[in-house]
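Look at the fold as a whole before you zoom in.

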Amino acid sequence: MLSLLTQYRRELHQIPELDFDLPQTAAYVRRVLEQYPCRIFTPCPSAVCAFFDGGKEKTAAFRADMDALPIQERSEAPYTSRHSGKMHACGHDGHMAMVLALAGTVSRCLNRLPRNVLLVFQPAEETTGGADLVCQSGVFEACRCDRIFGFHLWPDLPAGTIASRPGPLLARSSEVTVDIEGKSSHIARYGEGRDALLSAARFICGADELWRETLTPAGPCLLKFGRLDSGTARNAISAHAQVLGSLRVYSDAMFQAARKGLERLAAEIEEEAGCRISLHFSEGYPPVINDSALFEEVRSVLPGLETLPEPLLIAEDFAFYQRRLPGVFLLLGTGTGIPLHADTFDFDETVLLAGLRAYEALLAPP
């Protein structure tokens with residue numbers, strides 16, 4: 001089985017594609033699935049699903065993401081990307097390899113399984129949240145799915161380690177854009193201006209205070225700003241400033257609290273400085289929240305499962321599935337420490353065996 005996992009992963013690694021533009025990847029997935037007794041279909045653009053119908057009342061779903069990243073790979077491996085400027089730097093090739101290998105297991109034991117099986121290969125995890133379109137297609141209702149599972153390779157865990165936690169696992173991600181309109185003047189006549197740059201600085205400091213003193217005591221979250229653009233000259237009051245940041249939270253309630261806090265801060269600065277401040281929050285991905293009851297089933301069939309003490313601050317569009325049906329998302333250690341999205345990202349395919357065995361155990365929980 002390791003040789004098959006390695007073959008799938010390395011062949012897919014060489015043909016990375018982006019977003020919804022996945023013709024070679026989708027064709028590869030279809031070619032592998034066509035050897036098995038399943039119905040293969042496309043529920044939404046660029047997605048590939050395989051339904052193994054064992055005549056059971058309910059269905060278990062397993063998800064793999066197919067898209068890569070716009071990164072030029074820096075590797076001497078014989079299976080390096082053949083597509084310039086594109087790379088599987090987040091492990092999606094490994095995710096696909098595990099689910100493709102699972103298709104073989106399902107085909108051999110479908111009549112003994114308590115559920116039908118739906119394999120979901122989705123586009124655009126890295127960009128616009130292809131999982132949401134899969135959900136909107138109605139495929140889970142049509143296939144009578146009552147649970148879904150997924151994996152993400154995780155470099156900071158020891159090789160082959162599987163970890164997760166009940167409840168919040170990964171954050172909701174929302175990009176925050178702050179535009180501040182003031183009035184320019186020469187600094188020698190600063191009183192005639194309305195200082196957008198100073199207002200931006202006040203906003204950043206006030207937001208940091210809000211994060212530390214109000215939001216964080218109420219629960220884990222992150223509110224940080226990474227870019228400030230303002231001004232045209234050193235001796236002119238700035239007429240415009242833009243601040244770019246990111247908000248990561250684990251509940252809709254915390255998101256609303258952060259949003260209202262920033263809106264109050266903006267109103268206070270507007271009144272003090274005479275500037276006009278507009279805030280924009282992207283929708284982003286919802287938080288990944290593992291279903292507690294289903295997590296206990298997972299724990300019962302995966303005795304080596306490690307429980308993370310705290311949720312993580314990254315985001316993942318697997319969250320959309322969990323809003324549609326109970327789901328558990330798992331992390332699979334590569335042990336390399338090479339960061340996700342690095343141009344040198346790689347791993348030993350033996351870790352995929354641990355992920356495949358976990359998927360096989362989840363096919364037939366007690």
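Two strands count as paired if DSSP finds at least two bridges between them. Strand β6 (residues 162–164) and β16 are joined by 2 bridges and run antiparallel. The model is a predicted one.

**The whole chain**

The chain holds 10 helices and 16 strands. Its C-alpha trace spans about 80 × 45 × 35 Å along the principal axes. Of its 366 residues, 53% are buried. The accessible surface comes to about 15,500 Å², and carbon and sulfur atoms own 51% of that. Take the contacts with a separation of 6 or more: 80% of them link residues 24 or more positions apart.

**The sheet**

An open sheet is built from 8 strands, with mixed pairing. Their order is β1-β2-β4-β3-β5-β16-β6-β15. Which strands stand at the edges? They are β1 (39–41) and β15 (306–307). Each has a single partner strand, so one side of each lacks a neighbour in the sheet. Helix α2 (residues 23–33) packs on this sheet and touches β1, β2 (48–52) and β4 (116–122). The direction of α2 makes about 15° with that of β2.

**Strand β16**

In the sheet order, β16 sits between β5 and β6. Strand β5 (residues 145–154) runs parallel to β16, and 7 bridges join the two. The table lists some residues that stand opposite each other.

| Residue | Opposite residue in β16 |
|---|---|
| Phenylalanine 149 | Valine 328 |
| Leucine 153 | Leucine 332 |
| Isoleucine 162 | Leucine 332 |

Now check β16. Gly327, Phe329, Leu331 and Gly333 point one way, while Val328, Leu330 and Leu332 point the other way. Are these residues buried or exposed? All are buried. Buried means under 20% relative accessible area.

Helix α1 (residues 2–13) packs against helix α10 (residues 350–363). Their axes lie 9 Å apart, at an angle of about 110°. Angles of 65 to 115 degrees count as roughly perpendicular, and α1 and α10 are therefore roughly perpendicular to each other. Which residues meet here? From α1 come Leu2, Leu5 and Arg9; from α10 come Thr350, Leu352, Leu353 and Leu356. The residues of this contact divide into 5 nonpolar, 1 polar and 1 charged.

Note on methods. Residues numbered from 1 in each chain as written. Predicted model: local features only at pLDDT ≥ 70, side-chain atom pairs only at ≥ 80, totals over all residues. Heavy atoms only, no water. Axes fitted to C-alpha atoms, helices over the stretch in contact; angles between N-to-C directions. Helix = DSSP H or I, 4+ residues; strand = E, 2+ residues; numbered from the N terminus. Parallel < 35°, antiparallel > 145°, perpendicular 65-115°, else oblique. Contact = heavy atoms within 4.5 Å. Nonpolar A, V, L, I, M, F, W, Y, C, P; charged D, E, K, R; others polar. Buried < 20%, exposed > 50% of the residue type's maximum accessible area, 1.4 Å probe, protein only. Areas by Shrake-Rupley, 256 points an atom, 1.4 Å probe, with all protein chains shown as cover.
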